[in-house]
Amino acid sequence: MNNKFRFLPIATFLGFAFLYVPIIVLVVFSFNKSKLVTVWGGFSAHWYGELLQDPQILGAAWISLQIAFISASLALVLGTLAAFVLTRIGRFWFKPLLSGMTAAPLVMPEVITGLSLLLLFVAMEAMFGWPAGRGFTTIVIAHTTFCLAYVAVVVQSRLSDMDESIEEAARDLGAKPVRVFFDITLPTIAPALMSGWLLSFTLSLDDLVIASFVSGPGASTLPMVIFSKVRLGVSPEINALASLMIGVVALGVAIAAWQLLKSPQKSKA
């Protein structure tokens, strides 16, 4: 029994070390003064300055931020609507199908999602002439498609735990449905909405596989630019860029987790 309890902490430590030690090494070497990635030449923030003067990376970063913001916002609206339908509407004949289709992007391999969306866009262009080629618009549509599933799951979970008697009491006292929604429902699910938006933003900002299938000339996202540069060899500038992306994604995930943890405390209060 003692050996078992001794093995679990060691296995846990080794697992986390396997995941996070390479990330820590990458961040440390982003401050390497030397041009050689594997040779430490002293502490310097020189490569962060070089990074901010690279027009290709800055352009790709701006495109990625725009795509992530628009995709997260659209996914928030569509995912919230899907969550309300699945939670607040009773039985209807295609509810199991809708539930399965909403959750499918969560388990679908990104290669399959990207390929299917590419074939869809090609067929739509042949039949309707829209979208004309692949680019910014097709990436937004693709990212919205798989991000809305995450929003729907988060909001649906919050709506399922919500006490509907409060809304019923407000309606009994004469409040109209719109007033009930904005005064009671929306503030209650606001942490879940924020969490869903932040998760969608970070997932869109991080995506490489799906964007590679549906992108076109002039619409290269930041992960795509990083991947193309890494194929030619890793440089300290790429380490600096990866460190900044790790910080942005970690901050978004931390805020989303904090909102989710805060939500049950508010409901109990």
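At 42% relative accessibility, D183 counts as partly exposed, a class that lies between buried (under 20% relative accessible area) and exposed (over 50%), as computed with a 1.4 Å probe on protein chains only. The model is a predicted one, in which local features need pLDDT of at least 70 and side-chain atom pairs count only at pLDDT 80 or more, whereas totals for chains, interfaces and linings use all residues. Residues are numbered from 1 along each chain as its sequence is written, and side-chain values use heavy atoms, with hydrogens and water left out.

D183 forms a salt bridge (a side-chain nitrogen of Lys or Arg within 4 Å of a carboxyl oxygen of Asp or Glu) with R179, and the closest N and O atoms of this pair are 2.2 Å apart. Both residues belong to helix α8 (residues 177-206), where they are 4 residues apart and therefore separated by about one helical turn; helices are DSSP runs of H or I with at least four residues, numbered from the N terminus. R179 is exposed, its relative accessible area being 55%.

Salt bridges with shared partners join R88, E164 and E167 into one network. Between E164 and R88 the closest N and O atoms are 3.8 Å apart; because E164 lies in helix α7 (residues 164-172) and R88 in helix α3 (residues 55-88), this pair ties together parts that are 76 residues apart in sequence. For E167 and R88 the corresponding distance is 3.0 Å, and this pair, likewise formed between helix α7 and helix α3, ties together parts 79 residues apart in sequence. E167 is buried at 3% relative accessibility, whereas E164 is partly exposed at 35%, as is R88 at 27%. In total, the structure holds 5 salt bridges.

How values were computed
Helix = DSSP H or I, 4+ residues; strand = E, 2+ residues; numbered from the N terminus.
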